[in-house]
Amino acid sequence: MRERVGCGGNAPRSRGGVSSASRAAVIGGGLAGSEAAWQLATRGHQVTLHEMRPVRATPAHKTDRLAELVCSNTFKSTELTNAHGLLKAEMRLLGSLILEAADGSRVAAGSALAVDRDAFAAAVTERIESHPGITVVRDEVSGIAGPCVIATGPLTSDSLADAIRSRLGINALAFYDAIAPIIARESIDDEKVFRASRYGKETMAGADEDGAYLNCPMSREEYDAFLDALVGADQYHGHEFDEVPYFEGCMPVEVMAKRGRDTLRFGPLKPVGLRDPRTGRDAHAVVQLRQEDRAGRMWNVVGFQTRLRIPEQQRVLRMIPGLEAAEFLRYGSIHRNSYLNSPAALSPHLAARDNPTILFAGQITGVEGYTESSATGLLAGINLARIVSGDEPVIPPPTTMLGALYRYMREADPRHFQPMNANFGLVDDLPERIRDKKRRRELIAERALREMRSWIKANDLFSSSTGPAGAHAPARREALFAGDA
Ligand SMILES: Cc1cc2nc3c(=O)[nH]c(=O)nc-3n(C[C@H](O)[C@H](O)[C@H](O)COP(=O)(O)OP(=O)(O)OC[C@H]3O[C@@H](n4cnc5c(N)ncnc54)[C@H](O)[C@@H]3O)c2cc1C
């Protein structure tokens, strides 16, 4: 069954500071949708959660449970010096249902939060279905009306994808991602790379006066060795539905390399117009890196979308002169993935620009991964609860991992927008320079949690006008904020 959902009309406003509960829809009962529904319901709102399984299947899900993990069973690290660990710590401060269920179904995996996937999905399903404020409806939604959170994930059904494209613009929704790796600036060897734009032309506003790109020049011997490693490297073979029809712009670099020994030299590695100022000569081949963030801490390896396995990406790309010690902030990948060009199509709180009550959450917004998807579902639930009660939506500061992810989706260059996972390159740097990486991350994490607590308090997110705090019992809240100055 296909349905058009949402209450339509304007959201009820709060009168004289008194909150008004209302009904909202959440579309998609995956990680983001389950978290969003929970956050809305625990703030006193009536929620209809629409999940199309089992009425309509996706190519990856196998059960009818909410929050089914489609592949690996891990939410990655819990350590605060890991970007995923920090994001989870922030989510715990906000009362995440997904993490509560994950804790309850945890299996041994060292410092990673890995779960028994059946127990995990069963726990989320039970909590959602037994909440008196949530009605779960099993249907495929094909239209959009607010107030709602759309969290239909990388495998959004075709009919809803059509509705989203016609609402937000035909180019707003992509069906595949072709992601090149991103390297941390501080791990690039300045002795070997040089700044330049091809023929001095491809500059951009605010770029270094020597040119916009970092260039890694290769000799003939270096190119040959690199090419041999690239064509021989082990690659990931996805599910059948995940096979992407390669076209210009998403051709994996290893596929291009297999077409001929000079194909890359006439493609993304072409050396012309990029004279190395130190030698005065053109190199045999040049790998270019393009700035990914405003602060210039994240650099995208241009044209290197790839299906190589992660250890192979590390091994092969570190053969590129200047990238021997490369720290990967994001690995390359090519997937079937419905995702929005958020910086072009959505507002800062990831809503339709013409209707702030139509919010998006999860992988469809351009975040990548279980934890990131759940985190955006959490914030979308909080924000829709605020909006329908007449409050402004809020976003944590970019010193937090969650705030930094939202900033990326707001400020990334829409011409090159690609999905992003949590990583420290997104977060504001410390004012002082700390050379030791682990110590720097510890300090960034301490600051992030301190500022997340202040932000929660400043916006009264646990007991605000948006309604009763529900899941967040006072004792637990006290514990979360223990030690807070
Ligand atoms: C094959 C595959 C493997 C992956 N492996 C990993 C991994 O190992 N680790 C990782 O971190 N991430 C992985 N991902 C990414 C992963 O999908 C996301 O991280 C996460 O599941 C996204 O959460 P979500 O809530 O946005 O979407 P989902 O969890 O996919 O939930 C979306 C829900 O919306 C429902 N839906 C879709 N359309 C409609 C509609 N029109 N009406 C009603 N309901 C609808 C779907 O049935 C689904 O239940 C993988 C993705 C795929 C496709």
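Tyrosine 339 is buried, as is phenylalanine 417 (buried: under 20% relative accessible area, with a 1.4 Å probe and protein chains only; exposed: over 50%; partly exposed: in between). The model is predicted, so local features need pLDDT of at least 70 and side-chain atom pairs count only at pLDDT 80 or more, while totals for chains, interfaces and linings use all residues. Residues are numbered from 1 along each chain as its sequence is written, and side-chain values use heavy atoms, with hydrogens and water left out.

**Aromatic pairs**

- The structure holds six aromatic pairs (ring centres of Phe, Tyr and Trp, the last by its six-membered ring, within 6.5 Å; planes under 30 degrees apart are stacked, over 60 edge-to-face, the rest tilted).
- Phenylalanine 75 and tyrosine 370 make a tilted pair, 5.7 Å centre to centre with 55 degrees between the planes.
- This pair links distant parts of the chain, with phenylalanine 75 in strand S4 (residues 74-77) and tyrosine 370 in helix H10, 295 residues apart (helices are DSSP runs of H or I with at least four residues, strands runs of E with at least two, numbered from the N terminus).
- Phenylalanine 75 and tyrosine 370 are both buried.
- Tyrosine 339 and phenylalanine 417 are also paired in a tilted arrangement, at 6.3 Å centre to centre and 45 degrees between the planes.
- Tyrosine 339 belongs to strand S17 (residues 333-340), and phenylalanine 417 lies in the loop between helix H11 (401-411) and helix H12 (437-458), 78 residues apart.
- Phe75, Phe120 and Tyr370 are linked into a cluster by ring pairs.

**Ligand**

- The ligand is surrounded by 33 residues (a heavy atom within 4 Å), and the closest are Glu51, Arg53, Gln363, Gly369 and Tyr370.
- By class, this shell has 13 nonpolar, 16 polar and four charged residues (nonpolar: Ala, Val, Leu, Ile, Met, Phe, Trp, Tyr, Cys and Pro; charged: Asp, Glu, Lys and Arg; polar: the others, Gly among them).
- A polar side-chain atom of glutamate 51 is 2.7 Å from a ligand oxygen atom.
- Polar backbone atoms of leucine 31 and glycine 369 each lie 3.1 Å from an oxygen atom of the ligand.
- Of the 970 Å² of accessible area that the ligand has on its own, the protein covers 93% (Shrake-Rupley method, 1.4 Å probe).

**Strand S19**

- Five of the six residues of strand S19 (residues 355-360) are buried.
- S19 pairs in the parallel sense with strand S9 (residues 148-150) over three bridges (pairing needs at least two DSSP bridges), and cysteine 148 stands opposite isoleucine 358.
- Strand S18 (residues 351-352) pairs with S19 in the antiparallel sense over two bridges, and the two form a hairpin with two residues between them.

Definitions and conventions
A polar contact is a pair of N or O atoms within 3.5 Å; within protein, one must be able to donate a hydrogen and the other to accept it, and residues adjacent in sequence count only if both atoms are side-chain atoms.
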